[in-house]
Amino acid sequence: MGDSGRDITRTMSPPAGAALRTSFSKLFDEIGTVDQVGIEERVAKFTTRSIKKGSKLWGLKTAVSMVDLTTLEGKDTPGKIASLCQKARRPSADPDVPPVAAVCIYPFLVKYAARWLADTAIKVASVATAFPSGQSPLPLRLEEVRTAVSDGADEIDMVINRGLFLSGEFNAVQDEISAVVEACGDAQLKVILEVSELDTYDNVRAASFLAMQVIRPGDFIKTSTGKASGSATLANTQVMIEAIRDFYLATGIAIGMKPAGGIKTAKQALHYLVAVKETLGDAWLNSSRYRFGASSLLNDLLRQIEKEKTGAYQAPYYFTEAAESY
Amino acid sequence: MARIPVTKTPKVYVGGQFIRSESGRVFPIQKKLSPKGQPSLLANIPQCTRKDLRNAVEAAAKAGPDWARRTPYNRGQILYRLGEMLESRSAEMTDALVISGASTKAAAAKEVVASVDRLIYYAGWSDKYEQVLGNTNPVAGPFFNFTVAEPMGIIGIIADDAFPLLGLLSQIAPVIVSGNVCVALASEEFPYPAIVLGELLAVSDLPGGVVNLLTGFRKELVPTFATHTHIRGVNAVVSQEEKKQLQLGAAESIKRVRARKRDDEIDWTGEKAQSVYEIRDFIEFKTTWHPIGA
């Protein structure tokens, strides 16, 4: 597996249109396709559930415990990571609010975050593999992963090579993911499909299966980088969690899910939780199987928790900013 | 050929858009009765909820920074233009006041004229109130010491039932001229003129979200005006009961309350109803030091 990287680059030649169609239709025969209208109708229903009082408070707190508090900006500094970690440990003055699941940062900053979070259960997640495009030579990407892990990253968020996927080079895509799995060692892996660049729900389902077939139980698949034009929606997340469900029913292997990008409000987060509950069940309603990749979401969750407790709508500036929105 | 009349669905003007209440609820208002006429429906008015108020505050919060950053001169121009537009629509506005039974034809015409004048009055103040309310303070040292007037942010407005147009505008204009944004609850009894006012605001130069107009029941909305912590002040015409409610909520959320008594039968047409001190009511004063010669 170690030198599969070199093989991939050699075998990469754009297949002819017919061959491309064949490779996709073969895959779709195997895993099935997505009913676009059905999916969109289904997720529209998730937004109509009435969640009030106690269950709302539970949902909000659960969502806080699932947040991967994220900052992925060129201007990030160790100081900013320190305040992000502080926010992650104790999001609110209210002791009732749990810490978040993880912080998600660039590899260079992992060593600082690891120090700040050493005495907590909060994970350090690092994007790696030439995030967000994934367009670097494989050995460099693998080295980036190994460096992040040795600096103290508990989780690695990798991006798949969308170009390879779209040109039907499924084996190459899987080989790359396998290589990263190996480079991760004990670290958990999240595979970012970047759904907005995959164009169709069928492709999202296909990419989900390709990733799930080679990652380990407990690893995650993730919607987006947050850097492309589109991001997580209820619909593309639904396609992915249905893929997780089908994969689980077929193999018994449980894969986690992380929607990321564009989830900014507590209300949206509750809609996503409804989708999980009604598709995957309670076993996925915890931070070891489900995460939100977000930054501004956390403050809106805190705001709504405070609203539930006091009955008064809260001003956004009552809550500290951990990082700018993504 | 007989034509089926096209009636208007009144919607409230929030965040630069015309919306229904999120609840979907409406309440009917009647046309003014002629001496021997039967009561007949004028319109179904949106019955806004506290969630609508919350959404309106979010819309106001979005519009706030840009509005506050504009030059006082520009804000004055926009208010003046609003006055111009109301002048040219005075027939429509008079009709809105009369048809909903808020006033007689003569009184309504007078109210619209006074409303135009009020807008012009505050437009004039836009680049002058700071000279009157701010100051350069004498200090014992080589420093300039300035007191400058700054807007507070989002202001809630609860309008009077008497003079449903003039009263509302007399509360809105001094609030927004200094760079505040507002969420206003129109008269419960005569909400129709506020609906028409929204249509005027939508085509004016006022950016969407600076003035947000809600219609509905005071009973349902006053408590939220009182407790919402993002609303920095309330400019209200209220009963004794509502005043207490506002003050209790304001103490909790630390906001300024300017309450006029509803029972006082305020004469909104009078000279006393307009003043630079109406602007001062929703200003924060900031004092800064600056070394001389540096």
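This report walks through selected features of a predicted model with chains A and B.

## Helix 7 of chain A

Start with helix 7 of chain A, residues 138-151. This helix has 14 residues. From first C-alpha to last, helix 7 reaches 20 Å, close to the 20 Å expected at 1.5 Å a residue.

Which residues of helix 7 are buried? They are A:Leu138, A:Arg141, A:Leu142, A:Glu144, A:Val145, A:Ala148 and A:Val149. Seen down the helix axis, these buried residues fall within an arc of 155°, so they line one face of helix 7. An α-helix has 3.6 residues a turn, so residues three or four places apart point the same way. On the other side of helix 7, A:Leu140 and A:Ser150 are exposed. Just after the helix comes A:Gly152, with a positive phi of about 120°.

Most residues other than glycine have a negative phi, and most peptide bonds are trans. Chain A holds some exceptions, and two of them involve the loop between strand 3 and helix 7. A:Ala130 lies in that loop. Its phi is positive, about 55°, although A:Ala130 is not a glycine. A:Pro132 is found in the loop too. The peptide bond from A:Phe131 to A:Pro132 is cis, with omega near 0°.

Another exception is A:Glu194, in the loop between strand 5 (188-192) and helix 10 (201-214) of chain A. Phi of A:Glu194 is near 50°, a positive value in a residue other than glycine. Are these spots buried or exposed? A:Glu194 is buried, with 26 other C-beta atoms within 10 Å. A:Ala130 is partly exposed, with 17 other C-beta atoms within 10 Å.

## Where the chains meet

## Helix 8 of chain B

Now turn to chain B. Helix 8 spans residues 218-227. Seven of its 10 residues are buried, so helix 8 is largely enclosed by the rest of the structure. The buried residues are B:Arg218, B:Leu221, B:Val222, B:Thr224, B:Phe225, B:Ala226 and B:Thr227.

What do the buried residues of helix 8 pack against? Two helices of chain B are among the partners: helix 1 (50-69) and helix 9 (240-253). The strands are strand 7 (154-158), strand 8 (181-185) and strand 10 (231-238).

## Strand 10 and its neighbours

Strand 10 of chain B is mostly covered: eight of its eight residues are buried. Five bridges join strand 7 to strand 10, and the two run parallel. In this pairing, B:Ile158 has B:Ala236 of strand 10 as its bridge partner.

Six bridges join strand 10 to strand 11 (residues 256-261) of chain B, again in parallel. Here B:Val237 is paired with B:Arg260 of strand 11. B:Val238 stands opposite B:Lys261. Strand 10, helix 9 and strand 11 of chain B make a right-handed β-α-β unit.

## A buried leucine

B:Leu185 sits in strand 8 of chain B. B:Leu185 is buried, with 28 other C-beta atoms within 10 Å. Which residues does B:Leu185 touch, not counting those up to four places away in sequence? They are B:Ile157, B:Ile158, B:Ala159, B:Leu214, B:Gly216, B:Arg218 and B:Leu221. B:Arg218 and B:Leu221 are among the buried residues of helix 8.

B:Leu185 and B:Leu246 are 61 residues apart in sequence. In space they are 14 Å apart, C-alpha to C-alpha.

Technical notes. Residues numbered from 1 in each chain as written. Chains lettered and ligands numbered in written order. Predicted model: local features only at pLDDT ≥ 70, side-chain atom pairs only at ≥ 80, totals over all residues. Helix = DSSP H or I, 4+ residues; strand = E, 2+ residues; numbered from the N terminus. Expected span 1.5 Å × (residues − 1). Buried ≥ 20, exposed ≤ 12 C-beta atoms within 10 Å, placed from the backbone. Arc of directions from axis to C-beta. Contact = placed C-beta atoms within 7 Å. Pairing = 2+ DSSP bridges. Right-handed = clockwise from strand over helix to strand, strands pointing away.
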